[in-house]
Amino acid sequence: MELAHSTSNNDSLKSEMKDFMDNNIVELITILPKCYTRGYPIFSEDGTERIGRETVENCDYESIIIKNEEGFKNDIVTIKTKYVGQKAKLKKSDYKKVLKIPDNKLSETSETIIVVADCYIPRHGLNFYDSSQRLTGFLEICFECNRYEISGNVPLEMIVLGEDLSSIKKVFEEYNLLVK
């Protein structure tokens, strides 16, 4: 009886995935670093007298998702587009490299243990567009620490994440969009 339920759920997910693939566009993007110039005062050796100023340029990779006081704006996709670098529309034939259909054998209570670091230096992302080419979701990824953040309507049950994040990384390599 439970097996029929799992098969039914899997058929439903297959149908959702086919509908998603037929009616949505996925775009690979690179995220540009935020560069800024910061000035520092220079003091005499004894620290009593200001003798000049040094200017240093810093570049950091940070999240480009715009958040409000309550957190993410999940109803509206808002990203800092000035930090979007190269783009490539994912070919429909490559959707299955980024999207997945869960295995029949997995139960809803199964868990995956993922080891992550704390760096979060997102340099890659996925834009999701509906059939009218309206941006409906955004997923940014840090391949170094295996973490991600989302905004809007991202079909997380279909995205290959966690231990399989390396398959998404391979897609960025294939499209020559992997930033190191």
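The entries follow in the order in which I looked things up.

I note at the start that this is a predicted model.

Disulfides. I searched the whole structure and found one disulfide. C35 and C59 form it, with their sulfur atoms 2.1 Å apart. I located C35 in strand β2 (residues 34-43) and C59 in strand β3 (residues 50-60); the pair links distant parts of the chain, 24 residues apart. The link is right-handed, with 115° about the S-S bond. I then checked accessibility: C35 is partly exposed at 41%, and C59 is partly exposed at 41%.

Remaining pair. I logged C142 as buried, with a relative accessible area of 0%, and C145 as buried, with 1%.

Hairpin. I looked up the pairing of strand β8 (residues 135-142) with strand β9 (residues 147-152): it is antiparallel, over six bridges. The two strands form a hairpin with four residues between them. In the turn, N146 has a positive phi of about 65°. I141 has Y148 in β9 as its bridge partner.

R123. I found R123 in the loop between α2 (95-98) and β7 (124-129). Is R123 buried or exposed? R123 counts as buried, at 10% relative accessibility. Beyond its neighbours within four places in sequence, its contacts include I141, E144, Y61 and K180. R123 and K180 are 57 residues apart in sequence, but 8.2 Å apart in space, C-alpha to C-alpha.

Methods:
Residues are numbered from 1 along each chain as its sequence is written. This is a predicted model: local features need pLDDT of at least 70, side-chain atom pairs count only at pLDDT 80 or more; totals for chains, interfaces and linings use all residues. Side-chain values use heavy atoms; hydrogens and water are left out. Two strands pair if DSSP finds at least two bridges between them. Buried means under 20% relative accessible area, exposed over 50%, partly exposed in between (1.4 Å probe, protein chains only). Contact means heavy atoms within 4.5 Å. A disulfide is a pair of cysteine sulfur atoms within 2.5 Å.
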